[in-house]
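Please look at the sequence and the structure below, and keep both in view while reading the report that follows.

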Amino acid sequence: MNQLVAVIGGDARYLELIRQLQTLADTSIYLVGFDNLEQGFTGLKQMDFHELEPEKLDAVILPITGTNSEGDVETVFSDQKFRLTDQWFERLKDSAIVFTGITNDYLSSVTDKHNISLIPLFNRDDVAIYNSIPTAEGTIMMAIEHTDYTIHSSRVIVVGFGRVGNTVANKFSALGAKVSVCARSIMDLARITEMGLTAIPLDKLHEHTDECDLLINTIPAQVVTKKSIQQLPPHAFIIDLASKPGGTDFDYAQQRGIKATLARSLPGIVAPKTSGKIMADVIKQFLNNREERL
């Protein structure tokens, strides 16, 4: 049975994702929002949004950002505007799957209302762990570009010990940095110590920032506060990897003259091909399993 998959919008990561999806048997892929792309995809059909027939689609792949609160889709390779309305989702068949990087209240509620399966890829452990590798490499790249000292022997504090924080701490430690990791959970603090790194309880962060060259935040909540930034030495650099708006008091960092940056979507910047393949591998599993069930 031939599956119909629509890829609506997407950034550089989606070029590799599309190439990977082309290897799927019995699958037709429609591309929407790629009309400004210089390279073409042999055997795939590019079309305008209004030409799509939602009731015929087996899967819809949205950009990493999904939609905004009104259903608008952000596109990189098109000047067209697309809005996925409640009525559009209603036309999808019950067995359809919608993939997105992240979700929001609108996307979650409209798919739930119409009993459509929604898969936020970045909520999955496998995707997040694989993506933490290019994120860590991008963080290393930024640290090298924006400082005048080596990572080796630098005093690095990583705030958060989730999937990204764990990998970032490991990679910087492997480069010879003196790494401390700030976490809330007693179990995480024990694991950090077991790894040979310095464990800092989250509420004690401000007591350790006076000896910090690189402060890397991974927690999507305001945790790098004025109290912690006050203690940083003038040459310190803050790299915030959390989702927008980050977890740093950027206004106060600017007042103090501390360099700070919100580094979003690093996998898509430093390794779009790898990141696209990571997402494609998971999507292909879902589509293959769907085929087996039919």
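In which loop is Asp26 found? Asp26 sits in the loop between α1 (13–21) and β2 (27–32), where helices (H or I, at least four residues) and strands (E, at least two) are DSSP runs, numbered from the N terminus. This is a predicted model, in which local features need pLDDT of at least 70 and side-chain atom pairs count only at pLDDT 80 or more, while totals for chains, interfaces and linings use all residues. Residues are numbered from 1 along each chain as its sequence is written, and side-chain values use heavy atoms, with hydrogens and water left out.

**Backbone**

Most residues other than glycine have a negative phi, and most peptide bonds are trans. Asp26, which is not a glycine, has a positive phi near 50°, and Asp26 counts as partly exposed at 48% relative accessibility. In this report, buried means under 20% relative accessible area, exposed means over 50%, and partly exposed lies in between (1.4 Å probe, protein chains only). Ser265 is not a glycine either, and its phi is positive at about 55°; this residue lies in the loop between β14 (259–262) and α9 and is partly exposed, with a relative accessible area of 38%. The peptide bond from Lys244 to Pro245 is cis, with omega near 10°, and Pro245 has its place in the loop between β13 (237–240) and α8 (250–256).

**Sheet and core**

An open sheet of six strands runs in the order β3-β2-β1-β4-β7-β8, with parallel pairing, where two strands pair if DSSP finds at least two bridges between them. Its edge strands, each pairing on one side only, are β3 (45–46) and β8 (117–120). Within this sheet, β1 and β4 pair in the parallel sense over three bridges, and Val7 stands opposite Ile61 in β4.

Both Val7 and Ile61 also belong to the largest nonpolar core, a set of 29 residues in which Val7, Phe34, Ile61 and Phe99 touch the most other members. A nonpolar core is a set of buried Ala, Val, Leu, Ile, Met, Phe, Trp, Tyr and Cys residues joined through side-chain atoms within 4.5 Å. Among the elements that each supply at least two residues of this core are β1 (3–8), β7 (97–100) and α10 (272–293), and α10 gives the most, with six residues. Leaving aside neighbours within four places in sequence, Val7 is in contact (heavy atoms within 4.5 Å) with residues including Tyr14, Ile29, Phe34 and Ile61. A second, separate core of 25 residues includes Met142, Ala143, Ile151 and Val158.

**Pockets**

On a 1 Å grid over the protein atoms alone, a pocket is an open set of points where a 1.4 Å probe fits, with protein on both sides within 12 Å along at least five of seven lines, and lining residues have an atom within 4 Å of a point. Grid points are joined across faces, edges and corners, and a volume is the space filled by probe spheres set on the points.

| Pocket | Volume |
|---|---|
| Largest pocket | about 1200 Å³ |
| Second largest pocket | about 160 Å³ |

The largest pocket is lined by 36 residues, and Ser265 is one of those that lie nearest its centre, together with Ile102, Phe122, Leu241 and Ser243. The elements that give two or more residues to this lining are α4 (125–146), α5 (163–174) and α9 (266–270). For the second largest pocket, the lining includes Arg155, Lys178, Thr198 and His208, and β9 (155–159), β10 (178–183) and β11 (198–201) each supply at least two of its residues.
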